[in-house]
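Trainee: I would like to learn how to read a protein model. Where do we begin?

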Amino acid sequence: MLSSINYSEKIPNNVNLGEDRTLKRALEQWQPNFVNWWDEIGPVGSTDSEVYLRTAVSVDPQGWAQFGHVKMRDYRWGIFLNQGEADRKIHFGDHKGEAAWNDVPGEYRANLRRIIVTQGDTEPASVEQQRHLGLTAPSMYDLRNLYQINVEEGRHLWAMVYLLHKHFGRDGREEGEALLERRSGDDNNPRILGAFNEATPDWLAFFMFTYFTDRDGKFQLCALAESAFEPLARTTKFMLTEEAHHMFVGESGISRVLARTCQVMNELKTDDPAKIRAAGVIDLPTIQRYLNFHFSVTIDLFGADESSNAATFYSSGLKGRYEESKRDDDHQLRGQTYGVLEARNGQLVEKQVPMLNALNEVLRDDYIKDSVAGVGRWNKVMEKNGIPFRLTTPHKAFHRQIGALSGIKVSPDGRVVTDSEWSAMKDQWLATDADRAFVAGLMGRVVDAGKFANWIAPPAMGINRNPVDFDYVRFN
Ligand SMILES: [Fe+2]
Ligand SMILES: [Fe+2]
């Protein structure tokens with residue numbers, strides 16, 4: 001049966017791996033290299049810990065969330081595809097109405113490989129970026145959540161390597177090796193995308209990353225879940241169920257930081273950042289500057305606002321729009337236009353461009369809507385505590401490194417500014433070295449069950465209906 005996972009095999013899977021000996025052998029050769037990568041660059045100091053992890057044992061709602069204490073290097077990284085629909089039809093692009101593909105059409109091979117490699121590269125990158133965070137976890141509960149995300153990003157790498165091995169032959173196997181060789185932030189062999197080479201040095205950055213950057217993952221995966229290439233669509237659908245937890249960690253993490261800060265502000269009756277910092281919690285303007293950084297770096301991940309690649313990926317059926325099937329248009333978009341921003345005479349103006357070329361911008365705008373909604377939920381924390389401060393997402397032209405807006409300087413509220421105004425203001429807009437040093441100074445390991453660092457409130461409830469003071473990590 002397709003939906004149950006065969007744990008008697010070395011590599012748990014629901015893809016009948018045992019029937020494809022060549023593929024099985026290729027993956028069994030890749031597996032020890034993966035474990036070496038994990039040992040070398042995975043979470044520091046975690047080897048002997050038993051972690052209360054969620055492991056997928058099948059893809060149905062009951063089976064994909066089985067909990068138990070396991071050592072992370074023994075986690076059952078496996079290959080799970082959602083059940084396919086019988087006779088699925090391609091529902092957008094030039095091939096709309098034709099049968100979805102179970103194999104890669106020759107003419108799209110290079111583009112599909114590039115899409116899968118780019119997605120796959122982000123997965124190990126984030127594990128590398130987060131590898132030191134366990135040393136400064138604010139609680140055992142948070143440490144467990146970090147580790148859960150790390151093992152699942154490892155599994156997402158497996159998911160992409162499976163596609164490469166299964167459908168791209170020798171090229172795919174070489175890409176699988178290269179995915180274990182690049183390193184986040186490495187000068188000589190960096191990860192492919194910018195945000196995945198930034199450091200995640202502290203837990204405020206981690207929560208911002210999981211809120212904003214894992215949400216980029218959600219939107220990319222949603223667009224790939226529409227793909228005409230059925231194995232990619234089915235793989236990414238299952239990955240999305242795991243991604244939801246990563247965003248939960250970010251959203252609830254920031255909420256708890258805000259709750260603790262508001263509590264201290266009310267106790268001390270002050271909004272003076274210096275006094276708030278002296279009390280050992282993170283002042284709200286610093287949180288805003290972190291938010292500005294992570295938001296702007298993340299929206300760059302969607303790529304250039306006008307892109308002929310984006311048009312090709314869509315028209316050829318490789319990558320759809322977010323919620324493609326819920327949109328009521330012709331799903332081909334020829335002759336339609338979309339507004340993108342450019343700077344003209346010191347002002348941002350919208351210009352209409354062919355929509356097919358603007359699909360990166362379409363996805364970025366959908367992402368921004370989703371991000372803003374969660375920031376509104378964060379602001380409820382301040383509202384409840386009677387504190388007037390509100391967090392905002394910066395304008396999408398702020399601090400851009402990619403696309404037409406990368407050549408200009410724009411304030412968080414969307415004004416084009418001069419270089420000198422930018423230089424004068426940027427320390428109020430983006431987290432500074434001093435901010436990061438202050439936050440780093442707060443980070444100290446607190447891992448006794450039920451204890452929390454001073455700068456963060458406990459969560460409302462534990463994992464899988466366990467109490468907050470449950471032993472989520474057993475240190476051996
Ligand atoms: Fe992922
Ligand atoms: Fe993720």
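Trainee: Which residue in β4 does Gly339 stand opposite?

Mentor: Start with the general idea. Strands of a sheet pair through backbone hydrogen bonds, either parallel or antiparallel. Now the case here, in a model that is predicted. Gly339 stands opposite Gln352 in β4. Strand β3 covers residues 337–344, and strand β4 covers residues 347–354. The two pair in the antiparallel sense, over 8 bridges.

Trainee: How many residues lie between β3 and β4?

Mentor: The hairpin of β3 and β4 has 2 residues between its strands. Look at Asn345 in the turn: its phi is positive, about 50°.

Trainee: Let me step back. How many helices and strands are there in the protein?

Mentor: Count 12 helices and 7 strands. For overall extent, take a box along the principal axes. The C-alpha atoms fill one of roughly 65 × 65 × 40 Å.

Trainee: What radius of gyration would a compact globule of 476 residues have?

Mentor: It would be near 23 Å. The protein has 23 Å, so the value agrees with that of a compact globule.

Trainee: In what order do the strands β1, β2 and β7 form their open sheet?

Mentor: Read the order as β2-β1-β7, with antiparallel pairing. β2 (66–71) and β7 (473–474) stand at the edges. Each has a single partner strand, so one side of each is left without a neighbour in the sheet.

Trainee: How many bridges join β1 to β2?

Mentor: There are 6 bridges, and the strands run antiparallel. Take Arg54 as an example: its bridge partner in β2 is Phe67.

Trainee: And how many bridges join β1 to β7?

Mentor: Here there are 2 bridges, again between antiparallel strands. β1 spans residues 50–55. Val51 has Val473 in β7 as its bridge partner. Glu50 has Arg474 in β7.

Trainee: Which strands does helix α3 touch where it packs on this sheet?

Mentor: Helix α3, residues 140–167, touches β1 and β7. The direction of α3 makes about 50° with that of β1.

Trainee: How do I read two helices packed together?

Mentor: Two packed helices are described by the angle between their axes and the distance between the axes.

Trainee: Which residues in α3 meet α4?

Mentor: Leu157, Val161, Leu164, His165 and His167 in α3 do. On the α4 side are Gly172, Arg173, Glu175, Gly176 and Leu179. By class, that contact has 4 nonpolar, 4 polar and 2 charged residues.

Trainee: At what angle do the axes of α2 and α4 cross?

Mentor: They cross at roughly 25° and come within 10 Å. That makes α2 roughly parallel to α4. The crossing is right-handed.

Trainee: Which residues in α2 meet α4?

Mentor: From α2 come Arg113, Val117, Gly120, Asp121 and Pro124. They meet Asp171, Glu175 and Leu179 in α4. The residues of this contact divide into 3 nonpolar, 1 polar and 4 charged.

Terms used. Residues are numbered from 1 along each chain as its sequence is written. Chains are lettered from A and ligands numbered from 1 in the order in which they are written. This is a predicted model: local features need pLDDT of at least 70, side-chain atom pairs count only at pLDDT 80 or more; totals for chains, interfaces and linings use all residues. Two strands pair if DSSP finds at least two bridges between them. Helices (H or I, at least four residues) and strands (E, at least two) are DSSP runs, numbered from the N terminus. Two residues are in contact if their C-beta atoms, placed from the backbone, lie within 7 Å. Axes are lines fitted to C-alpha atoms, for helices over the stretch in contact, and angles run from 0 to 180 degrees between N-to-C directions. Angles under 35 degrees count as roughly parallel, over 145 as roughly antiparallel, 65 to 115 as roughly perpendicular and the rest as oblique. A crossing is left-handed if the near helix is turned anticlockwise from the far one by less than a right angle, and right-handed if clockwise. Ala, Val, Leu, Ile, Met, Phe, Trp, Tyr, Cys and Pro count as nonpolar, Asp, Glu, Lys and Arg as charged, and the others, Gly among them, as polar. The radius of gyration is taken over C-alpha atoms; the globule rule is 2.2 Å times the number of residues to the power 0.38.
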